[in-house]
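Biologist: I'd like to learn how you read a model like this one. Could you walk me through it?

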Amino acid sequence: MFGFSCKKSDKKEGSGCRFGISKKQQAIADREVELIMLAKGLVQEQGFGMLTMDKLTSVSLIRKGQFIITFAVKKTLF
């Protein structure tokens, strides 16, 4: 999705490079980035104290169980 594993010199237009990283690793990295971006948006709107897993998973396509596996506590989001 975000192509963080690519260097600008390696990336070809529309190719979605995956040098040294598996599809599963890339999917995990993309999921983490998506959750962090959504969490930052919620914190900006409502404040850190109001951030809950339920609120974050309700605005995400990621289920609560997968969220818990990815981030054990909300402090690891930041």
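**Reading the fold**

Modeller: Start with the order of elements: from the N terminus on, they run α-α-α. That is three helices and zero strands. Keep in mind that this is a predicted model.

Biologist: How far does the confidence go, then? What is the mean pLDDT of the protein?

Modeller: The mean is 75, and 64% of the residues reach 70 or more. Going helix by helix, H1 has the highest confidence, with a mean of 89, while H3 (residues 64-70) has the lowest, at 76.

Biologist: And over which residues does pLDDT stay under 50?

Modeller: Look at residues 10-15. For that stretch the model has four contacts beyond four places in sequence.

Biologist: Okay, on to the inside. Which residues form the largest nonpolar core?

Modeller: For a core, you look for buried nonpolar residues joined through their side chains. Here the largest one has seven: Leu-35, Ala-39, Leu-42, Leu-51, Leu-56, Ile-62 and Phe-67. Helix H1 (residues 23-46) gives the most to this core, with three residues.

Biologist: Pick one of them for me. What is Leu-42 in contact with, leaving aside its neighbours within four places in sequence?

Modeller: Leu-42 touches Gly-47, Leu-51, Lys-55, Leu-56 and Val-59. Two of the names there, Leu-51 and Leu-56, are also on the core list.

Biologist: How much of the protein is buried overall?

Modeller: Buried residues make up 24% of the 78 residues. As for the surface, the protein exposes about 5,800 Å², and carbon and sulfur atoms supply 58% of that.

Biologist: What about contacts between residues at least 6 apart in sequence: what share join residues at least 24 apart?

Modeller: That share is 46%.

Biologist: Now charges. How many salt bridges does a search of the whole structure find?

Modeller: The general idea is that side chains of opposite charge can pair when their charged atoms come close. In this structure the search finds one salt bridge. The side chains of Asp-54 and Lys-64 meet there, at 3.0 Å from N to O.

Biologist: Why does that pair tie together parts that are apart in sequence?

Modeller: Because Asp-54 lies in helix H2 (residues 53-58) and Lys-64 in helix H3, the pair links parts that are 10 residues apart in sequence.

Terms used
Residues are numbered from 1 along each chain as its sequence is written. This is a predicted model: local features need pLDDT of at least 70, side-chain atom pairs count only at pLDDT 80 or more; totals for chains, interfaces and linings use all residues. Side-chain values use heavy atoms; hydrogens and water are left out. Helices (H or I, at least four residues) and strands (E, at least two) are DSSP runs, numbered from the N terminus. Buried means under 20% relative accessible area, exposed over 50%, partly exposed in between (1.4 Å probe, protein chains only). Contact means heavy atoms within 4.5 Å. Accessible areas come from the Shrake-Rupley method with a 1.4 Å probe; for residues, only the protein chains shown count as cover. A nonpolar core is a set of buried Ala, Val, Leu, Ile, Met, Phe, Trp, Tyr and Cys residues joined through side-chain atoms within 4.5 Å. pLDDT is the predictor's confidence in each residue, from 0 to 100. A salt bridge is a side-chain nitrogen of Lys or Arg within 4 Å of a carboxyl oxygen of Asp or Glu.
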